[in-house]
Each structure stands twice: as C-alpha cells, then as structure tokens.
Amino acid sequence: MVLISVVVGLLVGRVGSVMKHQYETLSVAEPALSLSLTTPSIWPTGRQRILLVEDDPGVRLLLRTTLASDEYAIEEAGSAEEGAELARFWRPALVVLDVNLPGNSGLAFCKELKERGAFGSPHVVLLTGGKTSRDEASAAGADVLLRKPFSPLDLMGAIDSVLQNEVVLPTSDEAASDQLLAYARDLRETVQAERAQRRLLQQAYRQTISTLTDALDAKSRATGHHSQRVQRYAVELTEAVEPSLLDDPSLEYGFLLHDIGKIGIPEAILEKRGALETDERRVMQRHPLIGTELLAGVPMLEGEGLQVVRSHHERWDGQGYPDGLRGDEIPPVARIFAVADTLDAMTTDRPYRTRRTWEQAVDEIVRESNRQFDPDVVKAFATRAQRLHRTQLELAETA
C-alpha cells in the first residue's frame, strides 16, 4: 500500500501542465447557446460504445490505449465499409473516424452515419491530417474536427465535448458579456478540470500496476508479458460470458495482478525446468494467498478484482487451490479468468515445457469442460477463440 501511494503521488506530481486543445467543436448555432439533448446509446454494462475507424493499425492502437477500458467499450475497423458493418449491429454512441480512408472516404461515411437510421445517428469525431475544413466537416454532420497530430488530452476533450452533452458556447463578444453564458463557461472549465484530475489519477493507478507487473515479469522471465496478454483475453471472455461484471473497475487491476503473489515464491521454483516436487508444488500453490495478503485493503482492488487474485487456480471439479472450491462455489470472474490464464500458459514457452500451438490449446480447453473449467465459460470461449487468436497475434506484433 505504501508503494502504491508513493508511486501514485510521484506520478501525479510530475504532471506540469495541461496541453492545449486542438479540436474544433462544430456547432450550427453561432449566436446563441446550443445544448445537445440526445441520449447516446449505452453499453449494457453502462460503458459507452466507441467505434474507431482508422486504416493505420498503429494509430488505432494509440486511440484504444488512450480510452480507458473501464469507461468505454471499444471496437475497431480499418475501413468505412468494415465500420458500417459494425455500426449497423453494434450501434455505437460515438465514432472516431479518420477522413482519409481506403475506399469510401471518412467524410462520406460520416454523412451516412448521421443520415441512415440503421446506424442510430452516433456522434462523430473526425480525424484529419490534411486540409479538411470546418465547413466540410460540418456539412458531413461531424460533431468535432480533430487535427493530427493531437495529444491524448485533445482526444479525451473532444470525446467529452460530445458524449457528456456539454454546453457549446458561442465566441461572439456580445454573448460573452451575458451573465448566464459566463457562468456556464466557468462551470464547464471546472468540470473539465475535475475530469482531467480524475483521469490523471486513473493513469497513475495504471502506471503503478504496470510497475508491479514489470517487477513480476522481471522475477519470472519465462512468462514475458503474461499479465498484459491474459488481461486482454479475460476482458474479451468476460464480455462474452457476463458483460455486467466489467462494471467493477477492480477487475482491470485484478486481471493484471493475479500472479503478484509469485513475488514471494523462490526463483528456483519459478524457473525450475521439469516437474515440481511435492514440497515445491505446495510452495507454488501459496502464491494466490500471498497475493491476496499483499493486496488486501488496497482500494483499487476492492471488489471482484481480489477474487481473481485468490481463486484463479480453483477448478470446476474441486481439485484446484488454494481453497478447493467446486462448481458455483468459485467466483464467476475467477472461473472466466481461469480459462484466459490457462490459454496463455499453454501458448507460451515455460521452463518445464515448450509452447503448444493455438489449435492444441483450444482443443485442450474444450476437453477440460466440466472438469477443470466451467462448461458455460468454455462454450463462450469456443465462440471467441478466433477473435482471441487475433488478439494474441496483435500483441505479439507490438511487444
């Protein structure tokens, strides 16, 4: 807890200034106050849906990284045509859309999103690295025009300006003298400052978690970036099994810190080549309890996150550890996470064996349905296996 507090304080203290916003809010009401009263579509878990349409995978990765997984549900597309298929059925609240796309242009797709009822008329943040004008973006129906290069704060400010139904203020001197508008401007700036501080704190938490997982990876070199991979797998599986579980922000940290107790396990055991002896196995099986003790009382882990740390090695048939829980006695998040954790363990090299192929790992998980794993989770896994494989390949490219 002291480490977390110190690191969080240090990271927050390094923030010197807020970068200048570079986005343009596109409002049709110039001389008067404009209010957005539309209700954006909401992810069933309460997270707002954002569709990223950008043909550059690197830019998509930056966009996705900027948007907190506990605040938004994210889908991606590399073209307007692919984005249209997703938007028709997924109905996002907002589309972050690049102007320069292969095939149908971003401006044309923006107009379709706004005018075709099948898309639900989502908000649109247009990204441009060219000479797209404010008038062109406005004519296409865009809510915001964001010019490249932009900072993460620019992007979050643009998204807030449309998803939070903020007041859009005119710029005329006559309006600025109005007391109500002056008050609204002050209020908006106060709210924006509070949001910025909240996001800085969340980022500090994530940096702290990253430091802890890096320390774990350094201790157990064979697992590589296991924590980051398995977190992505677990989020996708949870969305397939029970999306409402992702309302609990502690899961983000529980997924990442599930093996933090291995910090207390001797390296001779962690790095041993070959099967563990009985006594060594008992020591290894203590790591969920060590992790629970380390993280007990940490506010960001209060909730289901700590259940993941303690129970991710329990088995559906009751033969797991540390508590020997069986079936529905095992917390749902731990049942889901057990599949994600095992998937990554089987598809990466370990000191005691070489990796299996993706297909072999999938077959093994399916065979262990109703023994090691909850059969309902395995069914959901089978429907997402190809998508999880794409995630694995993507993470391998960016590692």
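A crossing of two helices counts as right-handed if the near helix is turned clockwise from the far one by less than a right angle. Keep that in mind as you explore this predicted model.

**Stop 1: two helices.** Select residues 226-241, which form helix H9, and residues 332-346, which form helix H15. Their axes are 8 Å apart and the helices pack at an angle of about 140°, so H9 and H15 are oblique to each other. The crossing here is right-handed. Now show the side chains where they touch: on H9, pick residues including His226, Arg229, Tyr233 and Leu237, and on H15, residues including Ile336, Phe337, Asp341 and Leu343. Sorted by class, this contact has 10 nonpolar, two polar and three charged residues.

**Stop 2: ring pairs.** There are three aromatic pairs to find in the model, and we'll visit a couple. Start with Phe109 and Phe119: their ring centres are 6.1 Å apart and their planes sit at 90°, so this pair is edge-to-face. Phe109 belongs to helix H4 (residues 106-115), while Phe119 is in the loop between H4 and strand S5 (123-128), so the pair ties together parts 10 residues apart in sequence. Are they buried or exposed? Phe109 is buried, at 0% relative accessible area, and Phe119 is buried too, at 1%.

**Stop 3: back to H15.** Select Phe255 and Phe337. Their ring centres are 5.4 Å apart with the planes at 15°, so the pair is stacked. Phe255 lies in helix H10 (residues 250-256) and Phe337 in H15, so the pair links parts 82 residues apart in sequence. Phe255 counts as buried at 1% relative accessibility, and Phe337 does at 0%.

Technical notes. Residues are numbered from 1 along each chain as its sequence is written. This is a predicted model: local features need pLDDT of at least 70, side-chain atom pairs count only at pLDDT 80 or more; totals for chains, interfaces and linings use all residues. Side-chain values use heavy atoms; hydrogens and water are left out. Axes are lines fitted to C-alpha atoms, for helices over the stretch in contact, and angles run from 0 to 180 degrees between N-to-C directions. Helices (H or I, at least four residues) and strands (E, at least two) are DSSP runs, numbered from the N terminus. Angles under 35 degrees count as roughly parallel, over 145 as roughly antiparallel, 65 to 115 as roughly perpendicular and the rest as oblique. Contact means heavy atoms within 4.5 Å. Ala, Val, Leu, Ile, Met, Phe, Trp, Tyr, Cys and Pro count as nonpolar, Asp, Glu, Lys and Arg as charged, and the others, Gly among them, as polar. Rings of Phe, Tyr and Trp (its six-membered ring) pair if their centres lie within 6.5 Å; planes under 30 degrees apart count as stacked, over 60 as edge-to-face and the rest as tilted. Buried means under 20% relative accessible area, exposed over 50%, partly exposed in between (1.4 Å probe, protein chains only).
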